[in-house]
Amino acid sequence: MRVLGIETSCDETGIAIYCSKHGLLAHAVYTQTDIHRIFGGVVPELASRDHVLKILPMIKAILQEAHLSLQDLAGIAYTAGPGLISAIMVGAALARSLGYALQIPTLGVHHMEAHLLAPMLEEEKPAYPFVALLVSGGHTLLVKVEALGHYQLLGESVDDAVGEAFDKTAKLLGLPYPGGPELAKLAEQGQRGHYQFPRPMIHSPDFNFSFSGLKTSVLQVVTKATLTPAIKADIAKSFEEAVVDTLVSKCRKALLHTALKQLVIGGGVSANKSLRADLAKMASEMGAKLYYPKLEFCTDNGAMIAYTGCQRLLLGQHDDLTIKARPRWSLEELTN
Ligand code: KG4
Ligand code: ZN
């Protein structure tokens, strides 16, 4: 089964074709970074307008790259939420209409489920059940994954998402948008342990996270310090250490609690090198193994949408003719 995947939930237009027999056939991501940079963050209206411009030419190019025509597709999957509603509607309306015209099953995919399943695109992939840490710009979720569509939320952020904390802290340091990767790059030049930022909720008995206080602690240091490049790098390093320590501690607890030996990470922040290294170390100390997507599939992309859609379409699931677009959508509402 060949499935076209369409991702437009934020500031990336992602298009891919996944085949249940031969894997990923072609994919492309267009990033709108240059459009939003001067505003210091994503402007939803501009994001939607750009998706409108990019989506059809990208679908045409991907079909050509895979040496396929629209008639070779057996299904269409699109991001139906959560995300920016006006941006989601571009992909959703196009995907649903294309499915209607081609008379093929079409399915609205949950963006975070797609991040959760992105490591399945790799050769070395986890087997169910496993624990998943999803860290993106809008969500921080720790999930017990029993099987496709069987998700038990162990914990989540009570305030800012990890990616959001990275982006806001990067702004405090005067770094350009998108802040997360810029801050991570700067942290590579910083000294370990120079500033002692809090590890929020690290001792709480639950699996929840809180990152807004951490950002405030950084603000206190930033307002007092003379921000030389070296001091900025030290702040970035200490901030990253605090975030990574917190995430590692909660993941260790979740592995112990569930007695599972596989940990999966996904979402934009899973591209962070320190996070990957420290989680891999913790997992191996516990006799467990860490799985993650390749860098291009950590951040938003069409391949994870095509893969997730394909798994559900293979089970006979598809939507009716209504166009599905949900800015908020809990992962636990999904079933199989
Ligand atoms: O999953 P994603 O592409 O979009 C959402 O679904 O939100 O995640 C984007 C987030 C942004 O907050 C970005 O700053 C962060 O992931 N990010 C990183 C890194 N690469 C992307 N944060 C820390 N280190 C990175 N290397
Ligand atoms: Zn995402």
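Author: Let's start with Pro82, which sits in the loop between strand 4 (75-81) and helix 3 (85-102). Keep in mind that this is a predicted model.

Reader: Is the peptide bond from Gly81 to Pro82 cis or trans?

Author: The general idea first: most peptide bonds are trans. The bond from Gly81 to Pro82 is cis, with omega near -10 degrees. Another cis bond runs from Tyr177 to Pro178, with omega near 0 degrees, and Pro178 is in the loop between helix 5 and helix 6 (179-187).

Reader: What about phi at Gln103?

Author: Most residues other than glycine have a negative phi. Gln103 isn't a glycine, yet its phi is positive, about 60 degrees. Gln103 lies in the loop between helix 3 and strand 5 (106-110), and at 61% relative accessibility it counts as exposed.

Reader: How do the axes of helix 5 and helix 7 cross?

Author: Angles under 35 degrees count as roughly parallel. The axes of helix 5 (residues 162-172) and helix 7 (residues 212-224) come within 10 Å and cross at roughly 10 degrees, so helix 5 is roughly parallel to helix 7. Lys168, Thr169 and Leu172 of helix 5 meet Lys215, Val218, Leu219 and Val222 of helix 7. That contact has four nonpolar, one polar and two charged residues.

Reader: Which residues touch the most other members of the largest nonpolar core?

Author: A nonpolar core joins buried residues through their side-chain atoms. Here the largest has 56 residues, and Leu4, Ile6, Leu116, Tyr151 and Leu331 touch the most other members. Helix 10 (residues 303-314) gives the most to this core, with seven residues.

Technical notes
Residues numbered from 1 in each chain as written. Chains lettered and ligands numbered in written order. Predicted model: local features only at pLDDT ≥ 70, side-chain atom pairs only at ≥ 80, totals over all residues. Heavy atoms only, no water. Axes fitted to C-alpha atoms, helices over the stretch in contact; angles between N-to-C directions. Helix = DSSP H or I, 4+ residues; strand = E, 2+ residues; numbered from the N terminus. Parallel < 35°, antiparallel > 145°, perpendicular 65-115°, else oblique. Contact = heavy atoms within 4.5 Å. Nonpolar A, V, L, I, M, F, W, Y, C, P; charged D, E, K, R; others polar. Core = buried A, V, L, I, M, F, W, Y, C linked by side-chain atoms within 4.5 Å. Buried < 20%, exposed > 50% of the residue type's maximum accessible area, 1.4 Å probe, protein only.
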